[in-house]
Amino acid sequence: MRFAIAAALALAVPSSLAAQDLGTATPLGGNWAYSTVTGGSEAVFTDAYSRPQLWVHCTRATRRVSITKPAATASPFLTVWTSSQSRQVAASFSPTTARLTIELGVTDSLLDAIAASRGRIGVGVTGQPPLVVPPWAEIARVIEDCRV
């Protein structure tokens with residue numbers, strides 16, 4: 001009986017960030033910083049303890065925007081939530097840096113949704129709490145850098 005109840009509760013818990021409503025979640029305190037880097041530009045979100053939590057990087061030569069977050073383990077997907085769109089995107093894991101990365105072409109509508117999101121962006125993997133950050137102008141600047 002206890003197993004059946006536990007199984008039912010497990011099914012009731014959202015299995016992905018896309019299924020969660022982050023519309024009222026409080027973004028993590030911290031700051032975005034924009035910088036030009038070799039071959040493109042980058043925006044990095046650091047938390048209140050100056051630890052990098054999220055990278056948005058433009059590689060101009062390929063016209064691709066990558067989004068990277070620290071992760072303890074590999075996951076096949078990184079889920080991105082915005083106020084208008086949510087999507088799971090195939091991710092690659094680097095055991096050397098312990099980071100998950102997704103790449104999007106500059107015309108991908110998810111980039112526009114990220115730049116225009118109202119108050120917050122959520123990034124995460126199934127089974128872990130989402131990283132919720134404010135969508136400051138630095139992100140949009142990186143995206144636009146890749147489009148010119």
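Start by selecting W32, L54, V56, I67, V80, I114, I121, V123, V133 and I139: these residues line the largest cavity. Here a cavity is a set of points on a 1 Å grid over the protein atoms alone where a 1.4 Å probe fits but cannot get out, and lining residues have an atom within 4 Å of a point.

Before you go on, a word on the ground rules: this is a predicted model, local features need pLDDT of at least 70, side-chain atom pairs count only at pLDDT 80 or more, and totals for chains, interfaces and linings use all residues. Residues are numbered from 1 along each chain as its sequence is written, and side-chain values use heavy atoms, with hydrogens and water left out.

Back to the cavity: how much space lies in it? About 40 Å³, where the volume is the space filled by probe spheres set on the grid points, joined across faces, edges and corners. Color the lining by type and you get 10 nonpolar residues, no polar and no charged (Ala, Val, Leu, Ile, Met, Phe, Trp, Tyr, Cys and Pro count as nonpolar, Asp, Glu, Lys and Arg as charged, and the others, Gly among them, as polar). Now show β3 (52-59) and β9 (121-124), which each give the lining at least two residues; strands (E, at least two residues) and helices (H or I, at least four) are DSSP runs, numbered from the N terminus.

Next, select helix α3, residues 137-147. Its buried residues are E138, I139, V142, I143, D145 and C146, buried meaning under 20% relative accessible area, exposed over 50% and partly exposed in between, with a 1.4 Å probe and protein chains only. Look down the axis of α3: these buried residues fall within an arc of 155°, so they line one face of the helix. The arc is taken from the directions from the helix axis to the C-beta atoms. Among the elements they pack against are β1 (30-37), β2 (40-47) and α2 (109-116).

Hop over to N31, in strand β1. N31 is partly exposed, at 46% relative accessibility. Leaving out residues up to four places away in sequence, N31 touches V44, F45, T46 and W136, with contact meaning heavy atoms within 4.5 Å.

Last stop: S50, in the loop between β2 and β3. Is S50 buried or exposed? S50 is exposed, with a relative accessible area of 58%. Its phi is positive, about 65°, although S50 is not a glycine.

Technical notes:
On a 1 Å grid over the protein atoms alone, a cavity is a set of points where a 1.4 Å probe fits but cannot get out, and a pocket is an open set with protein on both sides within 12 Å along at least five of seven lines; lining residues have an atom within 4 Å of a point.
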